Amino acid sequence: MSKLLKITDIKVHFPIGKAGFFGRPAGYVRAVDGVSFEIQRGETLGLVGESGSGKTTLGRAVLRAIEPTGGQIVYEHDGTSVDIMALDRKGLRAMWRHMQMIFQDPYSSLNPRMTVRDVIGEPLIANKLAKGSALSDRVVDMAQRCGLDVEHLGRFPHAFSGGQRQRIAIARALILHPEFIVCDEAVSALDVSIQAQILNLLADLQVQLNLTYLFIAHDLAAVAYACDRVAVMYLGQIAEIAPTEKLYYTPKHPYTEALMSAIPEADPSRVMQPVFLTGERPSPTNPPDGCRFQTRCRYATDACRTSIPKLREHATGHWVACHHAEELTLKGALEHGVAARPAHLDSPTIQAGT
Amino acid sequence: MQNDVILEVHNLHITLDFDGEDIPVVQGIDFELSAGKVLALVGESGCGKSVTSQALLRLLPRELRITSGQINFQAADGQAPVDFVSLAKDGKKIREIRGNQIAMIFQEPMSSFSVLHTIGNQIGEVIRLHLKASKAEARALTVELLDKVGIPDPARAVDQYPYEFSGGMRQRGMIAKALACNPSVLIADEPTTALDVTIQAQVLELLRRLKADDGMSMIFITHDLGVVAQIADDVAIMYMGRIVEKGPVGEIFGNPQHPYTVSLLNAIPRLGDLSARRELASIRGSVPSLFERPPGCAFHPRCDSFMEKLCDAQPPPLTRLSPIHEVRCFLHQAAEKEAAL
């Protein structure tokens, strides 16, 4: 796999409490505070963390949909490295053809006054890429790939269910044949059966169209299913980043342990034994000294209170920002109770009358 | 009513008044809640689980109406059971029970607290209203309640306003308010859905402790099968206003028999086999609108076991697979008949 995107030391600080017209801001919300990672072409990188951890802001900053306060974004396109931060508005708009976004709420992200055909085709018209029958052909092709009924393209979004609307939103995002998609809680608002449809659709499209995803979600089970690697955010920084199985089964950061041990597994024979976090999450305006997690970490030592742990490669591909990653033995997902997976769950068949 | 049954719903029908037309929303559901147990009503949006929970306390909005059925409640005082359906909607009797013997918690804790009053005043109000306590007594009891639900520094928290609480604290605050009158039944409508996973774990632990220590009975409404597995004793799976399958949690998760239950359990991402990256089994199509309810078994257009002229002709009757496991599906009725021959 080749590298698609590399971000280095991205920061997004929002000023708060401006005093007067020429006044300086009273402080900054450090929503994203120095994040670096790479995304390989064709992979899905998950981004998880609790509300307020900065994951949505980061997702937008990567596309410069929110202007980062600092840092570098380098995107590999057609064999050249494009410095996204150096682009002017026009250059950025041209790059956005290759970088798209899918949002959580399929109810508010579609214009209610446009037919589905127009919603999906609008990016082609806006970018002057197709018109007439070519436009219509591309819309129909993408609608079919996304599992929409072509006969319904003349209808308005309100006539569709939540799952169908998310398919429309996906078709619109993919109509320009982008390479990189930021999925911001793309399946969070959907019912279980529909969520599975959309996750499968995203996986199929990834193979068909060679897509790369940054998959932002708070549902850890869905992330585990969808992603090759997962990054955990806490208070605007990456706490840990690793291949999915490594992160879920053998986490190295105490915050990841708290997350993973708290996933309620849909198996009554496995009783959850979560590691509870004490205290409240500190404000991103005024993060604690040393490790950002030290105020709630049960393993914290003096070193954690004074020195900031750097994100470092603990094992190949497994990065962690914790001073004590080597000494700690942490609980992963599924380490509550031991029970074999019931055999019937592996086969979707039903045995009548048993 | 049986001995340890505290709340019993029998053949409950609820309709939506849509411009004078009656649209069925809940179509004859039955369940029992035993003392000290947690019953989960599970289903996707539109299945009628929230409407059912509101009907239990006669809290339905005006356009929804109970058309028939019984909701029998056995109060702790040992008197004869009361049928809520027979009571006046906002009468004195139901108001005495609501919030007092049966309390309710909701998904969004911010909307169930007034922003203008302190947490202490709002919980204290419930105590003073129902228990006729003095201001000082109410305050002392409130501090005790806040402590019980795990709010740090309760003596200070009692004078704080809801905006000063985080999401998890507000949810605990709401549980404290619900517990104010020492109810025997708690109805929890998606109480952890809006919470982060670590906070969800804390709230589930709190509810579990209430059950274990105080013998609280709960009706838990959720769409999250993971949460169900972790908290429920009994499960009722709902689809378009009917209970399609019901039984103890181990039985429903370990031996599901309705095609809908099986599909739901297969559709959730699981953590056991991350290396496999298997395709999730989804259910085709989506839940139809209330106005386009399929005839017969409402699940038949999405069901892989659909049998023509049977599933689409009439609703499947209840089949008792065992004394504890019930299902509404023609697959099992057919099997039952064969066994009888």
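**Fold and charged pairs**

Author: Chain A has 10 helices and 12 strands (DSSP runs, H or I of at least four residues for helices, E of at least two for strands, numbered from the N terminus). Chain A is as compact as a globular protein of its length, because its radius of gyration is 22 Å, close to the 20 Å that the globule rule gives for 354 residues. That radius is taken over C-alpha atoms, and the rule is 2.2 Å times the number of residues to the power 0.38.

Reader: Before we go on, what kind of model is this, and how are things counted?

Author: It is a predicted model: local features need pLDDT of at least 70, side-chain atom pairs count only at pLDDT 80 or more, and totals for chains, interfaces and linings use all residues. Residues are numbered from 1 along each chain as its sequence is written, chains are lettered from A and ligands numbered from 1 in the order written, and side-chain values use heavy atoms, leaving out hydrogens and water.

Reader: What share of the residues in chain A is buried?

Author: 53% of the 354 residues. Buried means under 20% relative accessible area, exposed over 50%, partly exposed in between (1.4 Å probe, protein chains only).

Reader: Salt bridges next. How many over all chains?

Author: The count is 26, where a salt bridge is a side-chain nitrogen of Lys or Arg within 4 Å of a carboxyl oxygen of Asp or Glu. One of them joins A:Arg60 and A:Asp184, at 3.3 Å, N to O. A:Arg60 lies in helix α1 (residues 55-62) and A:Asp184 in strand β7 (residues 180-184), so the pair ties together parts 124 residues apart in sequence.

Reader: Is A:Asp184 buried or exposed?

Author: A:Asp184 is buried, at 4%. A:Arg60 is partly exposed, at 25%.

Reader: And which residue does A:Arg64 pair with?

Author: A:Glu67, at 2.7 Å, N to O. A:Arg64 is buried at 9%, while A:Glu67 is partly exposed at 42%.

Reader: Where do A:Arg145 and A:Asp141 lie?

Author: Both are in helix α4 (residues 132-145) of chain A, four residues apart, about one turn of the helix.

Reader: Switching topic. What does A:Gln206 touch?

Author: A:Gln206 sits in helix α6 (residues 192-209) and is buried at 12%. Leaving aside neighbours within four places in sequence, its contacts (heavy atoms within 4.5 Å) include A:Gly42, A:Glu43 and A:Tyr213.
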